[in-house]
Amino acid sequence: MTDAMSPVGSNITEFRLEEDLIQCKDGKCVNSKGTLAGSSLNMIEAVKNCVHELAIPIDEALRMASTYPAKAINMGHTLGKIKEGYLANLTIFNDSYEVEAVVINGNYSKC
């Protein structure tokens, strides 16, 4: 999981959260006092960081992005694995961690 806020996947550099102005730069979001408020890190970047920055094996990084969050929201019986009976929600990415396609509920879509 990530703690991504609304700018994830966009060019938004600031937004309002209740009465506070949140500014986003270099993947992090800070409030007007400079306190970390969240991130604009997407899941594929989180996986990439785990593998390349923390030396976590890719299979474990992928479980951290899928299986464990599914269990955390009590959906581990239908989400988070490539297995018969599970929803076919997949992200297809290349060796550079660029998303090339997705499968959402069994429907393939090229990015």
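This is a predicted model: local features need pLDDT of at least 70, side-chain atom pairs count only at pLDDT 80 or more; totals for chains, interfaces and linings use all residues.
Residues are numbered from 1 along each chain as its sequence is written, and side-chain values use heavy atoms, with hydrogens and water left out.

**Stop 1: the whole chain**

Zoom out. The chain holds three helices and seven strands. Follow it from the N terminus and the elements run β-β-β-β-α-α-α-β-β-β. Along the principal axes, the C-alpha atoms fill a box of roughly 50 × 30 × 25 Å. What share of the 111 residues counts as buried? The answer is 23%. Here, buried means under 20% relative accessible area, exposed means over 50%, and partly exposed lies in between (1.4 Å probe, protein chains only).

**Stop 2: the three-stranded sheet**

Now show S5, S6 and S7. They make an open sheet in the order S5-S6-S7, with antiparallel pairing. Two strands pair if DSSP finds at least two bridges between them. S5 and S7 (107-110) stand at the edges with a single partner strand each, so one side of each is left without a neighbour in the sheet. From one strand to the next, the twist averages 20 degrees. For this angle, axes are lines fitted to C-alpha atoms (for helices, over the stretch in contact), and values run from 0 to 180 degrees between N-to-C directions.

Select S5 and S6. Four bridges join them in the antiparallel sense. Which residue of S6 is the bridge partner of Ile-92? Pick Ala-101. Then pick Leu-90, which stands opposite Val-103 in S6.

Move to the turn. The hairpin of S5 and S6 has five residues between the strands, and Tyr-97 in the turn has a positive phi of about 65 degrees. Asn-94 also sits in the loop between S5 and S6. Show its side chain. The Asn-94 side chain makes a polar contact with the side chain of Glu-98 at 2.9 Å, and another with the side chain of Glu-100 at 3.0 Å. A polar contact is a pair of N or O atoms within 3.5 Å; within protein, one must be able to donate a hydrogen and the other to accept it, and residues adjacent in sequence count only if both atoms are side-chain atoms.

Next, select S6 and S7. They too pair in the antiparallel sense, over four bridges. Their hairpin has two residues between the strands, and Asn-105 there takes a positive phi near 50 degrees.

Click Lys-110 in S7. Is Lys-110 buried or exposed? At 61% relative accessibility, it counts as exposed. Beyond its neighbours within four places in sequence, Lys-110 is in contact (heavy atoms within 4.5 Å) with Glu-100 and Ala-101.

**Stop 3: helix H1**

Select residues 43-54. At 1.5 Å a residue, the twelve residues of H1 should span 16 Å, and the end C-alpha atoms are 15 Å apart, which agrees. The expected span is 1.5 Å times one less than the number of residues.

Colour Ile-44, Ala-46, Val-47, Cys-50 and Val-51: these residues of H1 are buried. Look down the axis. The buried residues fall within an arc of 165 degrees, so they line one face of the helix. That arc is taken from the directions from the helix axis to the C-beta atoms.

What do the buried residues of H1 pack against? Show helix H2 (58-65), strand S5 (90-93) and strand S6 (99-104). Turn to the face of H1 away from its buried side: it carries the exposed residues His-52 and Glu-53.

Check both ends. Asn-42 caps the N-terminal end of H1, with a side-chain oxygen 3.3 Å from the backbone nitrogen of Ile-44. After H1 comes Ala-55, with a positive phi near 60 degrees.

**Stop 4: Thr-67**

Finish in helix H3 (residues 67-72), at Thr-67. Thr-67 counts as buried, at 10% relative accessibility. Its side chain reaches the backbone oxygen of Gly-80 at 2.7 Å. Leaving aside neighbours within four places in sequence, Thr-67 is in contact with Leu-62, Gly-80 and Lys-81.
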